[in-house]
Number of protein chains: 2
Amino acid sequence: MTAHPKDALVLFMPSGRRGRFPVGTPVLDAARSLGVYIESVCGGRGICGRCQIQVAEGQFPKHGITSSNDHLSAFSDTEARYVTKRGALQPERRLSCQALVLGDLVVDVPQDVQINRQLVRKRAETRAIERDPATRLCYVELDEPDMHKPLGDADRLLAALAGEWRLDAPRIDFRLLPKVQKVLRAGEWKVTAAVHDDGRGPQVVALWPGLHNVACGLAVDIGSTTIACHLTSILSGRVLASAGAPNPQIRFGEDLMSRVSYVMMNPDGREALTKTVREAIAVLIAKVAAEADIEADDIVEAVFVGNPIMHHLFLGIDPTELGGAPFALAISGALDFPATELGLPVNPGARIYTLPCIAGHVGADAAAATLAEGPQKSDEITLLVDVGTNAEIVLGNRDRLLAASSPTGPAFEGAEISSGQRAAPGAIERVRIDPATLEPKVKVIGDDTWSDEPDFARVVEDLGVTGICGSGIIEVIGEMYLAGIIDEDGVIDGALAARSDRIVQHGRTWSYVLWKADPARGTRELRILQTDVRAIQLAKAALYAGVRLLMDKIGIETVDRIKLAGAFGNYIDPKYAMVIGLVPDCALDKVSGVGNAAGTGARMALLNRGYRREIEALVRRIEKIETALEPRFQEHFVAAMAFPNKVHAFPNLAAAVPLPARKSDGGDGTEGGRRRRGRIRRTVE
Amino acid sequence: MTAHPKDALVLFMPSGRRGRFPVGTPVLDAARSLGVYIESVCGGRGICGRCQIQVAEGQFPKHGITSSNDHLSAFSDTEARYVTKRGALQPERRLSCQALVLGDLVVDVPQDVQINRQLVRKRAETRAIERDPATRLCYVELDEPDMHKPLGDADRLLAALAGEWRLDAPRIDFRLLPKVQKVLRAGEWKVTAAVHDDGRGPQVVALWPGLHNVACGLAVDIGSTTIACHLTSILSGRVLASAGAPNPQIRFGEDLMSRVSYVMMNPDGREALTKTVREAIAVLIAKVAAEADIEADDIVEAVFVGNPIMHHLFLGIDPTELGGAPFALAISGALDFPATELGLPVNPGARIYTLPCIAGHVGADAAAATLAEGPQKSDEITLLVDVGTNAEIVLGNRDRLLAASSPTGPAFEGAEISSGQRAAPGAIERVRIDPATLEPKVKVIGDDTWSDEPDFARVVEDLGVTGICGSGIIEVIGEMYLAGIIDEDGVIDGALAARSDRIVQHGRTWSYVLWKADPARGTRELRILQTDVRAIQLAKAALYAGVRLLMDKIGIETVDRIKLAGAFGNYIDPKYAMVIGLVPDCALDKVSGVGNAAGTGARMALLNRGYRREIEALVRRIEKIETALEPRFQEHFVAAMAFPNKVHAFPNLAAAVPLPARKSDGGDGTEGGRRRRGRIRRTVE
């Protein structure tokens, strides 16, 4: 397009999209023609207040723009009417459907449009997600019935939507037909339609009389232990409420395989597990809806993620095939289907989207985490791990992405550990051991006081010291290794009993007393047994071997970045994860917990169907590695039993943390060398 | 494409499509590349037997082809195996997936492919309908699960369908997912999928292990009086069974408006009417399925038509708005939706299609009749009328098509007529009156004997003479007019009582005794009263006025062809329809009953989605005339009260039938003139 003298240059931020528009163009139209997403429910009538923008004033020499509010038409009567009816706009805010381009502009599209003095409770997860939801609200005003043009009421609604909202051949959900006429008359021919389009054409799925300015979606992560549910406005993108609850399927089996067994052993097992999880989700939905003060009818979309077995059970699919080789998923692709039949308290026309599963043990949750973290968008080789009873591993960069799962077992969740427990107040989550005295100090969940601080007595009375949670186990094993209490093979050094009463015999092996019983305060002794160390070695070796297999496939010896997803991953201190060799070597400042990445990915798919297409295409492209079929898995596994590893070097870790020397050499050239001490007869195992 | 020396010319009949193909091309592939529809379920494996063809041998100079069975490859081992397993092919028949083109061919695509020694009961309606059904059976063989490529079972199924059947991004109905794995394993990775695609992309809606060679559809016409159901194979196009039943909604109200009133007056009225009609349809479906010896699961498609009120009630839509101006339909467009929720005994994945309604009183049944009769494909101006309590009228040709309805009332159905009754055995359906003696002879439904034949006594004993049905009423009024018993204004001539004891006083008016009571045989007297003549005059005038309005719009004085649809239309003698002026003048040999045209249209939409698009586009194009809004309706109505009409001439009729002279002139220049007789004092009305 050649610039016309009457054209103005408009730059939209944060997208950076720009274009020239004739003077007099509404800012909303300019944005749309550039593909800049600005929400609008009322279709430019200045009544929904969703399309707010703000002009950035000043000189922008880089863009060749001098932007000023004077380059926007004056505050219109429609805007004044909006303010009267709905309340003041924030300072400098304008309705982009009313404000006309008069000259060059830099336009900020705010991410926090607030209308209706709506109650908002902010949550931790505040990542702004670019929006292009599969379901949109479209307000239309239609003609009354006309005997001369006897088009049905629903047909005139569809025609109005096609015309005003440029929808291509919209349809209407058959189940809405019985209420169309009542709604149209109740709204006096002004209605708001929720229109869903996820690649098979637009379809009206819900209808309200008049302007309806609320539409919400759910992002639900169905974990085998915990279900997390986030209620999000699909108009503003904002999280309105979040809630979590234990997965009640636990009563049918603690871990995934025991639930599959339950299904295999009980004729109605699958039905029971499906019903249970759907009911729990229904309760969570009602809870977040109540907290955000919205109606069930306002929920028009829901995205669900979960590991393959959770995914199948939620969908009502028998997961038996996932219980044994070849671990065949019933469906791996993404699904988009009506929410009816699931018994959830949502709009009867609501749609459900499930992200694709990557493989038989790498689920839609891993796909969602990948979507959220975007390793495929970086040159850096990223390792993304969700540690659970089955660790889900994704490794790669923009060139190549691989995925696998490793059967770590439940050790990291506190099971199989003599003093282990689930993460709960009173559980030890942080541990430091003085290498000179071998005396530990600990912190428990629920309080930030170390056990060597005077105030800790109060903590013990309030919370107790009840056991060791997953992240605490990682730390205590790591610290025991760093303090020389266990050697690289994981053997507890009984000779140290001479130096410390913390080292005590336990049957034919040795143990370390992490917490001494305090009968006065009602705490029992918490010990790390040789079998506990072994359980952690097995679990971490399995995970590491899986990661290493993927590294072999790419042909790398080191990764650029490590992201630990999930609740557990978020609480592990990356340093100790590396010290015990749970993950490969990496610069410590490049290792981080990324929280509920699966939940974030679900929210992205909820708010933008582009992300759905992105993850669907990406999952097809991901190379799936089945660890059980790889001959080198066993070899890596054996090497990974050692701390941090028998074969692979950890130069980044060694540079940051003084590691004990290896038995096999005289030192590793680091400070760790100075901690080397004489070999002492090993306890018979 | 330039002809290659190794190319052969292949002509397919009856489509007439032709093309050149390399020697060695399977005939099925040649057909497909020309868009010639040949069914195939197994995808060319020679096991389903659906793709049979036959070579027409001989010289076809017009096409430049010498066709011979020698130009086809020899009977293959696969065909021999088919014959062994499934039974002999008819003589000369070949499987087109196995027979290869070796030279020039004229190929007949038979319309009666018979396989599996399948039971077929032929029905009257045998119109061959070109096929391109929205749901097809697709047999595929897929790979077993592979841990190296952990694509879900359903995903591999979709991939196989996409590859073998060239489906573009097929999806699978979410509700099938729980059974996918079981069916795939039961079929040992060979399965038959029913794939539905009606414009929004292919979707698997049903699944069977192995080769499944049966797929049926229903064409259902929901009349306010009668429901008709045709079970059709969507593989062969053949009607397998038909059944009809009274619409049990009658107990809520005889006519349409009384059913609408029932809904308005009763809080659960709509639910009751919907439930009743769906249950009746379910019974009919079970009946035709049993008759054709197929499973409910084999029914994968259903097409429904009906007038707007039947259509709405079936869909669960409150028809109250149709009870008064502006007669707003909830939906006028065509619908395609899953059969679930309707409680019909069909495959859970079956799809329902409803044809569009034309206007508030011109329903999907009229659209279906239009589709079946195709007035829009002809240069001739065709009048298509479905006579009922609301006559649905379509008029026009390829240039222009108009539709309207006329409120004829229930007179034609025998109601409002003193001796009227529904069409049933014993009802008078044919009448002749001797103009000299005024003696009538009649025939009753159920026997072909005239009442002046000796054998009629037996008929009276067997069936009785119970009343006069709709077509009988038309004839008796027509004959009374032709015999001079009533004049052009419909007045019964009391002076004739002097000549015949059939003319008797009835209150202050006269009447005609059509059947004399015969107490010995238990029959009562059947009279035509002056009020009966008036009722027919009102009804026929309404219909005629509607037709005439449409003729005015086009600007014509005569129509080229008249088609009378529906059960009633089929039984009316066109001559009498014209004599009483129910329809405008037309050459008598161009007036015909077309039977259940709505049912045929439904069957066309069932077997070919092209017809769906055709009728959807056509209905948008039809000009809808609301008679109530047309000032000239009243004028036409008044003129049409006379026999055949006060204003409009009936030259074609007059040329064929000796009509009585008009009062207003001295004769109409026809033979009718000779019947003119002196005016006699009219009975006071």
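The axes of α11 (residues 530–554) and α16 (residues 632–639) of chain A come within 8 Å and cross at roughly 130 degrees, where axes are lines fitted to C-alpha atoms, for helices over the stretch in contact, and angles run from 0 to 180 degrees between N-to-C directions. Helices here are DSSP runs (H or I, at least four residues), and strands likewise (E, at least two), numbered from the N terminus.

The contact (heavy atoms within 4.5 Å) involves, among others, Leu538(A), Ala542(A) and Leu549(A) of α11(A) and Phe633(A) and Phe637(A) of α16(A).

The model is predicted, with local features needing pLDDT of at least 70 and side-chain atom pairs pLDDT 80 or more, while totals for chains, interfaces and linings use all residues, and side-chain values use heavy atoms, without hydrogens and water. Residues are numbered from 1 along each chain as its sequence is written, with chains lettered from A and ligands numbered from 1 in the order in which they are written.

The two sites divide by class as follows, with Ala, Val, Leu, Ile, Met, Phe, Trp, Tyr, Cys and Pro as nonpolar, Asp, Glu, Lys and Arg as charged, and the others as polar.

| Lining of the largest cavity | nine residues | three residues | two residues |

Strand β20 (residues 401–406) of chain B gives the largest share of that lining, three residues.
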